[in-house]
Amino acid sequence: MSQAELTREVARRVFASEFNDSTYAFKESDDERAPNYALLPTGDRANRVFVAGTLTETEDVGDESEYWRGRVVDPTGTFFVYAGQYQPEAAAVLRETEPPAYVSIVGKPRTYETDDGTINVSLRPESISVVDDETRDRWVVETAERTLDRIEAFEQWESEQDAPESASTAPTNEYAQMAREQYDSPVVNYRNDVIQALESLETVGNDDAEATV
């Protein structure tokens, strides 16, 4: 594997609603060290993600050793974060932080199948930081922008694929193609989530303004 392939992947900004729908995982190489990717329904891959929200609950769910679960809520849904002995710094933050608190997390998506066949997606953190409300709000705005970029690229590819006259010349978008094959959820759902997330910031801003009157 080349040095470039061993370089740490860029962390994708993704809302909880899309993250939890990213149930298809894959590798692009047979090499045992090849990175695992989650397929985002908006047509991209993610080996690492950058998320933020309100840490609303923490619990040590380990048996023989500490294994912390954190519940982190953004305007679109909930991330479940798990950290144990192999993520000692992240586990320490979950142990020592009193909810509710704003946090930002860089980590890797992990999928697991329940007994009834449901595939759940969780986050294995590389780092967790307690942040202020401005940092969390900025993450919402920037994640909305990145999500819209992915949606627009997906929709452009889809419209070109569906146009009969361009069937042989339409550009390829490998991950959009994979997303259309693997997922039933239309990307317009995530556009609606973006709107919901941005509107939540406006609501908070209005509440703060009323509180100071």
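## Strand 6 and its partners

Let's start with a pair: aspartate 74 has glycine 77, in strand 7, as its bridge partner. Strand 7 covers residues 77-83 and pairs with strand 6 in the antiparallel sense, over 7 bridges. A hairpin of 2 residues links the two. (Strands are DSSP runs of E, at least two residues, numbered from the N terminus; two strands pair if DSSP finds at least two bridges between them.)

This is a predicted model, where local features need pLDDT of at least 70, side-chain atom pairs count only at pLDDT 80 or more, and totals for chains, interfaces and linings use all residues. Residues are numbered from 1 along each chain as its sequence is written, and side-chain values use heavy atoms, leaving out hydrogens and water.

Strand 6 also runs antiparallel to strand 5 (residues 48-60), joined by 6 bridges. There, aspartate 60 sits opposite tryptophan 68.

## Two faces

## A buried threonine

Now look at threonine 42, in the loop between strand 3 (37-40) and strand 4 (44-46). Threonine 42 is buried, at 1% relative accessible area. Its side chain makes a polar contact with that of arginine 150, at 2.8 Å. (A polar contact is a pair of N or O atoms within 3.5 Å; within protein, one must be able to donate a hydrogen and the other to accept it, and residues adjacent in sequence count only if both atoms are side-chain atoms.)

Methods:
Helices (H or I, at least four residues) and strands (E, at least two) are DSSP runs, numbered from the N terminus. Buried means under 20% relative accessible area, exposed over 50%, partly exposed in between (1.4 Å probe, protein chains only).
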